[in-house]
Amino acid sequence: MKIKKQFLFIIAILVLVIGCKQASEVTPTKPVTLRNVYEDAFYIGTALNTFQIDETDSIMAGIVGREFSSITAENEMKSIQIHPARDTFNFEYPDKFVALGEKYNMFIHGHTLVWHSQLSPWIRNIKDSTEMAEALESHIKTIVSRYKGRVNSWDVVNEALNEDGSLRKSVFLEVMGEDYLALAFKWTSEIDPKADLYYNDYNMANPEKRQGAIRLVKNIMDKGIKVDGIGMQGHWHLNTPSLEEIEKSIVEYAALGVKVAITELDISVLPNPEDLVGAEITQNFQNSEAMNPYTKGMPDSIQVKLANRYTDIFKIFLKHKDKISRVTFWGVNDGQSWLNGFPVRGRTNHPLLFDRELKPKSAYDSIIALKQKQDKQSN
Ligand code: G3I
């Protein structure tokens, strides 16, 4: 009997030791970052400027590598930068950008192949349809070939619609007609059939524009040409667009059988000229508090409003994470945002997750907490 007790005691000790050893080998919990917390939902991305692509600022570089799982070049892959003259391509920063994405094992997004803005003058001045087609095909095929298998998705066409859903009278439409849309996607997929090809635009929660985008993408798909996704830029405000229209757009775009990406997310906390009663756009906003109220920082009340707005929007993204491939912020920190200069120059806006001192804002904490709470509830 004594031997049996000794045997059982030894077994118990062994189980305890093995249990403790296994516990210590459990993978350590990952650091709490946007990238890690949202890893099982969708890519979390950011737009990068040249200083960030160069990793000039080590603190900024740390944030980019740690917090984001996708990157977009804010300007360096646009026509005027990458293809400034017919026989001149400038790949310095696009090459650095792609290499940076590979260094941090990120989803690399190419922005943008066909856009009427920041368009090289040599393309803008083409009047002949055949010449325009040759120029666009060369532009697209040269760039997409260079990054084949490395750039994971492209904004093939950017902002081809008017607010009422009709086609914007860009130089492409004027010179080539509607065919430029399908041809741009066709040329891109001929070079890199594995890359995801997106149509990208702003105000995509606007009902009329939504119908226009659905028509545009459906027309291309009906020709048997690959479209993989629709990009909703997401340049939104504290109170508009409505959560209902945002959700309706995500659902209706996805119903086409394409992915939905939120491609340029930022939330302006400043009034727009038309928000002001009797606002006279030509008024000298430099002297008007009303147009530029937070030059010395955002009051707590607005921090809370911004955090709540991002949380409400991310609740919709998470509800439809099966449809959403990526959510990209249009910048890392408030100081770099284009919204400091649009629609009114020289303002101090606070639209992003990190402030001018590169500190995470309440909005950052809120969307992290939202996902952690949902994970806890589902486990
Ligand atoms: O590179 C030149 C520099 O050499 C020159 O000294 C300087 C003087 O103004 O201009 C620099 O170019 C500026 C460029 O950003 C790079 O900083 C352009 O003037 C300026 O117009 C350009 O603004 C960009 C804007 O697109 C152009 O339309 C913004 O940074 C960029 O955030 C914004 O992003 C667009 C998306 O691509 C498409 N969706 C809308 C979004 C906001 O407009």
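## Exercises on a predicted model

An oxygen atom of the ligand sits 3.0 Å from a side-chain N or O atom of N75. A polar contact is a pair of N or O atoms within 3.5 Å; within protein, one must be able to donate a hydrogen and the other to accept it, and residues adjacent in sequence count only if both atoms are side-chain atoms. The model is predicted: local features need pLDDT of at least 70, side-chain atom pairs count only at pLDDT 80 or more, and totals for chains, interfaces and linings use all residues. Numbering starts from 1 along each chain as its sequence is written, and side-chain values use heavy atoms, with hydrogens and water left out.

**Exercise 1.** Find what lies 2.7 Å from a ligand oxygen, and how much of the ligand the protein covers.

*Solution.*
- Step one: an N or O atom in the side chain of H111 lies 2.7 Å from an oxygen atom of the ligand.
- Step two: a polar side-chain atom of E159 is 2.9 Å from a ligand nitrogen.
- Step three: on its own the ligand has 790 Å² of accessible area, and the protein covers 49% of it. Areas follow the Shrake-Rupley method with a 1.4 Å probe.

**Exercise 2.** Describe E159: its place, its burial and its phi.

*Solution.*
- Step one: E159 is in the loop between β4 (153–158) and α9 (171–176). Helices (H or I, at least four residues) and strands (E, at least two) are DSSP runs, numbered from the N terminus.
- Step two: its relative accessibility is 9%, so E159 counts as buried. Buried means under 20% relative accessible area, exposed over 50%, partly exposed in between (1.4 Å probe, protein chains only).
- Step three: phi of E159 is near 55°, a positive value in a non-glycine residue. Most residues other than glycine have a negative phi.

**Exercise 3.** Check the length of α6 and locate its buried residues.

*Solution.*
- Step one: α6 (residues 92–103) has twelve residues, so at 1.5 Å a residue it should span 16 Å. The expected span is 1.5 Å times one less than the number of residues.
- Step two: the end C-alpha atoms are 17 Å apart, which agrees.
- Step three: Y93, P94, F97, V98, L100 and G101 are the buried residues of α6.
- Step four: down the axis of α6, these fall within an arc of 155°, so they line one face. The arc is that of the directions from the helix axis to the C-beta atoms.

**Exercise 4.** Which polar contacts does the side chain of D228 make?

*Solution.*
- Step one: D228 sits in the loop between α11 (207–222) and β6 (229–232).
- Step two: a polar atom of its side chain lies 2.8 Å from the backbone nitrogen of L197.
- Step three: the side chain of D228 also makes a polar contact with the side chain of K226, at 2.7 Å.
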